[in-house]
Amino acid sequence: MKVFPAVHYSMGGLWVDFEANASGDIVQGSPRNQATSIPGLYASGECEYQYHGANRLGANSLLSCIYAGMITGPAMVSCIQGLERTSDDAPSSLFEAARSEEQKSFQAIMDCDGDENPYVIHWELGDAMLDDVTVERFNDKIQKVDDQIGEWRERANRIGIPDGEAWSNQMAFFTRHLRGMIELASVIAKGAIRRDESRGAHFKPDFPERDDENWLKTTRASWSEDGPTFEYEPVDVSIIEPRKRSYVQDGAASAAAKKIEKGEGK
Ligand SMILES: Cc1cc2nc3c(=O)[nH]c(=O)nc-3n(C[C@H](O)[C@H](O)[C@H](O)COP(=O)(O)OP(=O)(O)OC[C@H]3O[C@@H](n4cnc5c(N)ncnc54)[C@H](O)[C@@H]3O)c2cc1C
């Protein structure tokens, strides 16, 4: 049997907002809770980045999908109630223009008559990401993958769609998804190169220690025409002070754990 690290959970996802009061508690019903950067679009669960950091700790996903789901409902209700205009007030030409833009972009995929196969590109992309941008990471190897991403992006524009039927055309749908996957892979690779430390499930043998001084922050990528741009967001550690997570309890960690058990620690 081959034993190897498998991707079981996505660490990272869509950026979402929240509103906290002065004591740090979530403001229930705030329209900001779980709102993405696209007005009116909310995300909760596996698809968003909240609650888990560089590691997928047991039951974090339950926190993420059940708790975030619970606060997202009231947030969406507040958002709708706070709207000055509804979609009924918008001219139908707005929706028609958006539909026509989407139809054009789908038609452009349907018209692809190149010599590339999207499933082959996907296979190569997946293989490279799994080999070099998963748990063990070396900057030179990640850079190589990022360079290749440019080639896959270019090849994805030379795909051939042999089936001319628009309805349920799996290859056309897949090509559309693949282009998104390529952009996301580029975000992951570029974000990984910048972070010179080891944290959670991300291990750089050249930088084996966690570096809180420089890297106790969340990587936030935004889309731009020229590729992803990066910013960093501080992590709120006011309730639980970070300490080394280790299976071998060192003196400081076990003293801190004992304090928490006795209700003395933060
Ligand atoms: C093998 C495995 C083991 C796991 N073990 C644990 C564990 O022990 N503990 C733990 O806490 N977590 C665990 N997780 C993670 C956890 O199961 C997930 O994070 C969680 O179920 C995600 O819930 P969700 O509702 O956010 O997303 P999902 O459960 O993925 O729900 C998304 C839903 O959206 C639907 N959908 C997708 N696209 C569309 C569309 N275009 N239109 C309409 N619907 C759409 C999908 O069909 C799906 O029903 C595990 C995950 C895996 C894969």
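The model is predicted, so local features need pLDDT of at least 70 and side-chain atom pairs count only at pLDDT 80 or more, while totals for chains, interfaces and linings use all residues. Residues are numbered from 1 along each chain as its sequence is written, and side-chain values use heavy atoms, without hydrogens and water.

Next, select domain 1 and domain 2. The contact (heavy atoms within 4.5 Å) takes 5 residues from domain 1 and 7 residues from domain 2. About 460 Å² is buried between the two domains, with 67% of that area from carbon and sulfur atoms; buried area is the accessible area (1.4 Å probe) lost when two parts are put together, summed over both.

On the domain 1 side, show Trp 15, Tyr 49 and Ala 54: these lose the most area to domain 2, together 74% of what that side buries. There are 0 salt bridges between domain 1 and domain 2, counting a side-chain nitrogen of Lys or Arg within 4 Å of a carboxyl oxygen of Asp or Glu.

Now select residues 92-110, helix α2, and residues 170-194, helix α5. Helices are DSSP runs (H or I, at least four residues), numbered from the N terminus. The two pack at about 105 degrees, with axes 9 Å apart; axes are lines fitted to C-alpha atoms over the stretch in contact, and angles run from 0 to 180 degrees between N-to-C directions. Helix α2 is therefore roughly perpendicular to α5 (65 to 115 degrees).

Finally, show the side chains where Glu 102, Ser 105, Phe 106, Ile 109 and Met 110 of α2 meet Ala 172, Phe 173, Thr 175, Arg 176 and Arg 179 of α5. The residues of this contact divide into 5 nonpolar, 2 polar and 3 charged, where Ala, Val, Leu, Ile, Met, Phe, Trp, Tyr, Cys and Pro count as nonpolar, Asp, Glu, Lys and Arg as charged, and the others, Gly among them, as polar.

Technical notes:
Angles under 35 degrees count as roughly parallel, over 145 as roughly antiparallel, 65 to 115 as roughly perpendicular and the rest as oblique.
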